Amino acid sequence: MRLFNRTVLHHVPSLSSAALALLLLTGPAAAQLAPAPTVSPTVCEAYAAGAMIEAQLFFGRNIGSELGVSDRDWTDFLDREVTPRFPNGLTVVDASGHWRDIQTGHLVREPSKILTLLADGDPATLRLIHEIVDLYKDRFHQQSVGLAIRPVCVSF
């Protein structure tokens with residue numbers, strides 16, 4: 001178990017690796033290809049917790065080779081697009097990411113944001129997550145936004 005902002009999370013290792021999805025999103029069609037993984041409510045009961053998903057979104061902040069998404073731009077995006085879709089709470093962490101540009105083959109290092117959401121794994125929630133991804137890519141001219149979805153048992 002790990003503590004997460006006064007929340008106890010338990011990742012369920014008994015699920016198959018196919019149930020633990022790591023997706024690099026290219027559009028809303030990804031939601032149709034990989035439904036949210038689930039964890040048995042019975043497993044979560046053992047931890048006095050409820051079954052949910054943990055979605056982590058990885059946002060690069062460079063536009064081209066320069067920092068293009070300022071702190072102000074990020075805060076505006078968070079306030080206008082993310083928080084209204086997930087008003088019950090979320091966590092944002094500053095990060096330093098690197099990835100291989102598929103067009104040039106070069107390794108790109110850039111400041112990043114990691115957004116973590118705990119939510120129901122229903123289709124409406126997945127649609128909201130994909131809306132956030134698409135809006136960020138469009139607004140800030142990004143090739144992709146990384147998304148990791150895991151089934152978790154959560155208690156508050």
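Helices (H or I, at least four residues) and strands (E, at least two) are taken here as DSSP runs, numbered from the N terminus. The model is a predicted one, in which local features need pLDDT of at least 70 and side-chain atom pairs count only at pLDDT 80 or more, while totals for chains, interfaces and linings use all residues. Residues are numbered from 1 along each chain as its sequence is written, and side-chain values use heavy atoms, with hydrogens and water left out.

Start with the backbone. Most residues other than glycine have a negative phi. Against that background, H141 has a positive phi of about 55° although it is not a glycine. H141 sits in the loop between helix 4 (123-140) and strand 9 (145-155). H141 turns out exposed, at a relative accessible area of 61%. A48 is another non-glycine residue with a positive phi, this one near 50°. The loop that holds A48 runs between helix 2 (41-45) and strand 4 (50-60), and A48 is exposed as well, with a relative accessible area of 66%.

Now for the charged pairs. Side chains of opposite charge can pair when their charged atoms come close. A salt bridge is counted when a side-chain nitrogen of Lys or Arg lies within 4 Å of a carboxyl oxygen of Asp or Glu. By this rule there are 7 salt bridges.

One of them joins the side chains of R61 and D71, at 2.8 Å from N to O. R61 lies in the loop between strand 4 and strand 5 (62-63) and D71 in helix 3 (residues 71-82), so the pair ties together parts that are 10 residues apart in sequence. R61 is buried, its relative accessible area being 7%.

Another salt bridge links E81 and R139, with 2.9 Å from N to O. Here E81 belongs to helix 3 and R139 to helix 4, so parts 58 residues apart in sequence are tied together. E81 is buried at 13% relative accessible area, whereas R139 is partly exposed at 34%.

E131 also forms a salt bridge with R85, and their closest N and O atoms are 2.8 Å apart. This pair connects distant parts of the chain, with E131 in helix 4 and R85 in the loop between helix 3 and strand 7 (91-100), 46 residues apart. Both partners are partly exposed: E131 has a relative accessible area of 31%, and R85 comes in at 21%.

Terms used: Buried < 20%, exposed > 50% of the residue type's maximum accessible area, 1.4 Å probe, protein only.
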